[in-house]
Amino acid sequence: MSSSAMNPPIQDQLQTLTISPLTVTLKRLPHLTDDLPNLQTQNNPLQNNSFYHLCDDGFYISHSDVILRQIVFDFSGNFPSSSPHLAYHRAGPRKEIFFNPKQVCVAIVTCGGLCPGLNTVIRELVVGLWELYGVREIFGIKAGYRGFYSGDPIRLDPKLVHNWHKRGGTVLETSRGGFDLQKIVDAIQNRRFNQVYIIGGDGTLRGAVKIFNEIQRRKLNVAVVGIPKTVDNDVGIIDRSFGFQTAVEMAQEAISAAHVEAESAPNGIGLVKLMGRHSGHIALDATLSSCDVDCCLIPENKFYLEGKGGLFEFLGIRLKEHGHAVVVVAEGAGQDIIPRSDSEKQKTDESGNPVFLDVGVWLNSELKRWWERDHKGELFTVKYIDPTYMIRAVTANATDNLYCTLLAHSAIHGIMAGYTGFVTGPINGNYAYIPMEDVAQAKSPVGTKDHKWAWVRSITAQPDFQFTT
């Protein structure tokens, strides 16, 4: 008898395995009652909404409904059990709320750079607050954080924001910098805002954490929620940030144009610079989905130009074999090898971020210099495309529009339930409430050791850029 007949298949052996012990730590969310224990609750007004079947079990989310961050396990049981697995409160409506909708005064602000979907989030916050909870005092803060103290807010209602999701950018306007903690919280207090919705990236969220802490210090009955926005998809913990899928879709158009230009010239190179200061998610996903890219350069994987295994050697071989090549580079790639002065190394923008040099312009120049030096007299062309502002400014696609709606409604339900100092977003496909400080500090780099990056290298055949001696 064969050994396979004696031993049942591995999946039959493991199908009833109990994974034990499994220690789960629930990440605690700040709540208004932490500092204001005498707050009164009331029934959720959704009870009276004819569109919802509230008699069905499971409509309301309980405090014990959680989402596990880690859902992949080694079913053999050989996994570390010493470190606890994290869980987060599940997003959604609660049966009891801690705000009287008639006494709610809302501030909505957008900060940082543009991103597809900003207007959709604003619209859905306004419509959700108005239609689901009966809130009537809703205001937009203009021009980012500085708008709290430098101008008057604008009153928002469903009629005003009705078509905002069809527009790119942010109708509320945005800016970098202008963060003055005391002035901002003074304005929140003086204007009697008691719900603050802050839409922005990691820098904005770090500011939101400071606002939340100052509000707690003053023991104000004000809840703060962050809605993570970064087209680069570099916010950690959550599955993805809104606008990312639209950005990848638009990036493919730039790559297609670069491919046509490269194919249409002898020894043609199409060079496309995409967004991604600290992470190369847009470049990676656009490369995988376009199938026209010969080399993808991202911040997480350093590269070099000259010598064996370098970019020039690879492109020389590719041009000899195919007559053309397409290179995609994320804006944060190559910053360590671009020459810069001491003063340039110290420069920061208004948000305190280091100012990056333009890797696209530099690489365009270096490619031409290389060809002139090593292939003098041979035809050669580089077509450089930088679609950054075209991508940032477009309206969100259908997938991102739906995502923005779910983010907005999740934020509303959470803040009405009295939670504060949190961010909402999907974890493993399920929407959760996550402490704001955790998200503000978390990053989401491309894993250059995982299967996805290996997939990129397998379809481009590009070198790993490991120096050889």
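## Basis and confidence

The model is predicted: local features need pLDDT of at least 70, side-chain atom pairs count only at pLDDT 80 or more, and totals for chains, interfaces and linings use all residues. Residues are numbered from 1 along each chain as its sequence is written, and side-chain values use heavy atoms, with hydrogens and water left out.

Mean pLDDT (the predictor's confidence in each residue, from 0 to 100) is 91 for the protein chain, and 91% of its residues reach 70 or more. Residues 1-5 fall below 50, with 1 contact (heavy atoms within 4.5 Å) beyond near neighbours in sequence. Residues 13-17 also stay under 50; the model gives this stretch 6 contacts beyond four places in sequence. Where pLDDT is low, predicted coordinates should not be read in detail.

## Cavities

The whole structure holds 2 cavities of 30 Å³ or more. A cavity is a set of points on a 1 Å grid over the protein atoms alone where a 1.4 Å probe fits but cannot get out; lining residues have an atom within 4 Å of a point. Volume is the space filled by probe spheres set on the points, which are joined across faces, edges and corners.

The largest cavity has about 60 Å³. Its lining includes His31, Asp35, Phe212, Gln216 and Thr420. That lining splits into 5 nonpolar (Ala, Val, Leu, Ile, Met, Phe, Trp, Tyr, Cys and Pro), 3 polar (the others, Gly among them) and 1 charged (Asp, Glu, Lys and Arg). The second largest cavity has about 30 Å³. Among its lining residues are Cys115, Asn119, His165, Arg167 and Thr395. Here the division is 4 nonpolar, 7 polar and 1 charged.

## Aromatic pairs

The model has 12 aromatic pairs. Rings of Phe, Tyr and Trp (its six-membered ring) pair if their centres lie within 6.5 Å; planes under 30 degrees apart count as stacked, over 60 as edge-to-face and the rest as tilted. The rings of Trp370 and Trp371 have centres 5.4 Å apart and planes at 80°, so this pair is edge-to-face. Trp371 is buried at 5%.

Tyr403 and Tyr431 have ring centres 6.3 Å apart and planes at 55°, so they form a tilted pair. This pair links distant parts of the chain, 28 residues apart: Tyr403 sits in helix α14 (residues 398-416) and Tyr431 in strand β16 (residues 430-435). Helices (H or I, at least four residues) and strands (E, at least two) are DSSP runs, numbered from the N terminus. Tyr403 is buried, with a relative accessible area of 2%.

Notes. 1 Å grid on protein atoms, 1.4 Å probe; cavity = no way out; pocket = protein on both sides within 12 Å on 5 of 7 lines; lining within 4 Å. Buried < 20%, exposed > 50% of the residue type's maximum accessible area, 1.4 Å probe, protein only.
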